[in-house]
Amino acid sequence: MPEFPAENGRVARLAALVALAAILCVPGSAGSARRSYGTAAAPGWELHAARATAAAHAPGRLLVKFRAPVDATFKAEFPALQTLLGESLQRARPLLRRARPGQPVAAGVDRLYEIEVPAATSIPLLAAKLSRLAAVEYAEPVYLYELVGERDAILASPNDPQYGDSLQHYLGVMQVEPAWDVVKGQDGNPVVCVVDGGTNWEHEDLLANMWENPGEIPDNMIDDDGNNYVDDYHGWNFQADNGNPRGDNDQTPSSANHGTHTGGLLAVVTDNGVGIASASWNPRLMAVNAAGTNGGSIAYGYDGIVYAAENGADIVSLSWGSFSASQAMQDIIDFAVAQGVLVIAAAGNNNSSTPFYPAAYRNVYAVANVWGHDPDPDDGIDHVDQRYGTGSASNYGGWLDVAAAGTSVYSTFDFGRTDQYGFSTGTSMSAPVAAAVAALIQSQNPSWGPLKVGEQLRITCDNINAKNPGFEDLLGKGRVNALRAVTEASPAVRAIAWTFSDPDGNGEINQGETIVMSIDVHNYHDDAVGLEFTLSVDSPWVTVSDSSQSAGTLVEDADASLADAFTFTVDANAPPGTELDLRIDMAASSYEDFQWVPIILEPIVETHDINNLDVSLTSSGNIGWIGFAGGLGRNGDGFRFQEGPNLLFEGALMLGTSADNLSDAARFQGPRTDFAPADNQGPTKTTPGAASDQEIHAPYDDSSNSDTPLGVRVDLQTRAYAGAPNDDFLFLGFEITNSGASDLGGLWVGLFFDWDIDEEHFVTNRVSWDASRRLGYAWDASEPSLPHVGVTALSGSQVGYSAIRNDGGGGQPINLYNAFTKAEKWLCLNGGTGNLDAGPFDISNAISAGPYLLAPGDSAIVWFALLAGDDLADLQANSDAAWVLFADSVQTSVEEERPDIGAAPPPQLRLGTPFPNPFNPGTTIELQVDRPRAVFVGIYDVRGRLVRRLVDRVEQPGIRSIVWDGLDRNGSPVSSGVYFARLRSEREMLARRLILAR
């Protein structure tokens, strides 16, 4: 195994890497889906967050891509890494096994390693944490993919060829016989690979076509060709780690039969008087067993694609997938294409338009399932070419490329024998059927690159829109036609990149904006003469005003950049986060084509950037990010101080009256939490704001919470100031409105923060509590030059605080590595201030204010201050400045605004303006109470320390005057300066600023 060297400071980073793995040994399974339309489109696209999706992943395995090459030598043992990282690291290996000294590797796949840790490790959380390390480009779980085909029936040991009758009717529909008059797979030298659940390479109708590794001598237990696979003569078995790619029929029969069935559709021996025929007509078949230990899953899909690319495959067929996207898989796809591999994948059987991976990756050709024969010839309807829409119904959408027969398709099976055949249904079957036709194209044009072959397959499809009403152009270009694929010539124009120019230049497609779109295009085939582009969209939220662009003639293999090609306007009421597709139609002489471009309207993130704090706020209740730091795509800018590194892994709002009635945004992996934007509005930023230099307003409610909803609306209002001494903090005001029909009693409002200060040091962070300032803060114990960060609770008669060691260490009741339960969140909200310090370790903290009582329709504003400082003294000074500004400006303005709103009821509780102010020796404050209630009024200094208790009892309704004579609790005169009169009741906290001038 490779040994990681310790140069260039890498020791500390790697030590942190799996020091985490050592303590993350808890169950966990979650993931996020990301969307990117595939095929010859937009090499520069980033995968971005699209939907929260539960994602199955392999236990104890994750992929880590380093930012720089990690020099490694292969040894039987791994002592250096074991010493650095402890016993938790069980194995680390590069995904590429074939050495390439001095050669550049596409997509940096040579920097991609698979790390194995104990099976109980919470892999999604570990991966997210590892992605924070400066040495790591990203870390991801190894996702498990479902096989997307199902067995229909078995026919035992046929004696005669089945080609030509109803068992393979689909070959006639695709016109393969006249295509064979033009070219056969055996006429060229293509190697086709099926990465699946294992292929019975000894099957009577497969053996003669099996690929033989020219550099390997079988069964001599030597790696003859030096590719780091021993005896891989016909392929490789990643499950068993040996050279027999046959599926394990005893342990995983569904995987074994699936891989044998897809392998047969791709490359059975044709014209041999046995069994069936394949459209490819005898290419060489490489087999890779990528099955997991449980039947029906693929656990080594990454490895299988890399093996195929490293060992000479021309075409790879993938009949598996899920809704979970992976940057690592996209990198591997890009690597394979750069090696000359055409990747074809099944679209999935979920009856959904949601992108399905790997089919939806860039540079992958996605295949839908249509009928290849008529299942009901007596109903008067020809069902051939209809989308399979029942049972395991084919997926559809703008991300698809082609369609092929995949319903009740007849092919080889395993069942522990070499003479078995039967039927299966699914896009699993459609993918190898399409790949078999691609093998004919490759045989005819051996010099073509993979995308050129793929585009020839796509552009020569038969239009099947008439057979699929409601799914027009959502099954790709149409159904594959073998004859057209090997005889016709046509342009094949694709938009390969696009950009959007918006009025405010923030790179977002916001409500009310007019957007100018530019595109870069490439023509893969014949000259396109008189090329025209047209933009359209089927959405009430987008209006296209400039829809046409001319490109003249675009010759074969040429590129063109069309600046300011189209213009469209987004409706002012477009729901935030709306995902939709723009359609680009291409037309030239004797050529028509189309392409879909996905966009997102009105992102739900805005960032404060007016002072020394850059902090993102959202309409999902998150702070810093939607979800976790380090996510792919634009999900926030985190929490940065003085333009330094991000210091926050996760921030979130939490609201609750109990564990069973609690809405929050903490530890959700995806763009949707318990909260969703209200009034079709994302966050809006105003610079300058009405009351400060920059303000953000974000309305949302807990309508997404189906399990423990409170029934509330939240209006987040923030204030940030550009000038000292107020430029190191910002105010967050959460106006909570009871939208339900019953009282909300005992409501606590809190913020949760998982601090990482910073990427290099987060496992040596600490958190603590400054009670006098109601300030929870965090810092790094190993690097004093790093900032201190914190949050101050400015509202609430009581405050709660929890310092959290994320692994549950130190005897605390909260373990964030084992999810973050509603019960644990409720403990953070109302558990008081029992746990005040944690670390040094990976840490979090939570601060809350309450309790509040909200009648139906009633609301309360709860204020916090987010702060940072160079050190603890600076952070405390910034907290003091925040308290002064809050009492002098924010709270006063809020109180004065409310009576002006319509026929608002008189205030229930009021602390009047002190008079005189400044004062010497005394001042009077008016206290107004609407009903009998417990009231506390005290005098505090700027450090938050109680100076004098003025009222602490149950007050009766009415108005009375309170006098402070400038003395402390011991009767001694206090010095000149700024003080605060604070009132607390069961629902509110009010304050007034006082200035004593002796």
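Across the whole structure, a search turns up 41 salt bridges, where a salt bridge is a side-chain nitrogen of Lys or Arg within 4 Å of a carboxyl oxygen of Asp or Glu. Before you start clicking, note that this is a predicted model, in which local features need pLDDT of at least 70, side-chain atom pairs count only at pLDDT 80 or more, and totals for chains, interfaces and linings use all residues. Residues are numbered from 1 along each chain as its sequence is written, and side-chain values use heavy atoms, with hydrogens and water left out.

**Stop 1: a buried pair**

Select glutamate 114 and arginine 93, which form a salt bridge with their closest N and O atoms 3.5 Å apart. Glutamate 114 sits in strand 5 (residues 112-116) and arginine 93 in strand 4 (residues 91-94), 21 residues apart, so the pair links distant parts of the chain. Helices (H or I, at least four residues) and strands (E, at least two) are DSSP runs, numbered from the N terminus. Are these two side chains buried or exposed? Glutamate 114 is buried at 2% relative accessibility, and arginine 93 is buried too, at 8%. Here buried means under 20% relative accessible area, exposed over 50%, and partly exposed in between (1.4 Å probe, protein chains only).

**Stop 2: two partly exposed partners**

Next, pick aspartate 609 and lysine 685, whose side chains meet in a salt bridge at 3.6 Å, N to O. Aspartate 609 lies in the loop between strand 28 (605-608) and strand 29 (613-618), while lysine 685 belongs to strand 35 (residues 684-686), so the pair ties together parts that are 76 residues apart in sequence. Aspartate 609 is partly exposed at 44%, and lysine 685 is partly exposed at 31%.

**Stop 3**

Now go to arginine 953 and glutamate 955, a salt bridge with closest N and O atoms 2.9 Å apart. Arginine 953 is partly exposed at 40% relative accessibility, whereas glutamate 955 is buried at 6%.

**Stop 4: a glycine in a loop**

Glycine 922 is in the loop between strand 47 (909-911) and strand 48 (923-929), and at 26% relative accessibility it is partly exposed. What does glycine 922 touch, not counting residues up to four places away in sequence? Its contacts (heavy atoms within 4.5 Å) are Pro916, Trp964 and Asp965. Glycine 922 and tryptophan 964 are 42 residues apart in sequence but 5.6 Å apart in space, C-alpha to C-alpha.

**Stop 5: an enclosed helix**

Select helix 3 (residues 123-130): eight of its eight residues are buried, so the helix is largely enclosed by the rest of the structure. Lys129 is one of those buried residues, as are Ile123 and Leu130.

**Stop 6: cysteines**

How many disulfides does a search of the whole structure find? The count is zero, with a disulfide taken as a pair of cysteine sulfur atoms within 2.5 Å. Cysteine 461 is buried at 4% relative accessible area, and cysteine 828 is buried at 1%.

**Stop 7: a lined space**

Finish by selecting Asn463, Phe471, Asp473 and Lys477, which are among the residues lining the second largest cavity.

Notes: 1 Å grid on protein atoms, 1.4 Å probe; cavity = no way out; pocket = protein on both sides within 12 Å on 5 of 7 lines; lining within 4 Å.
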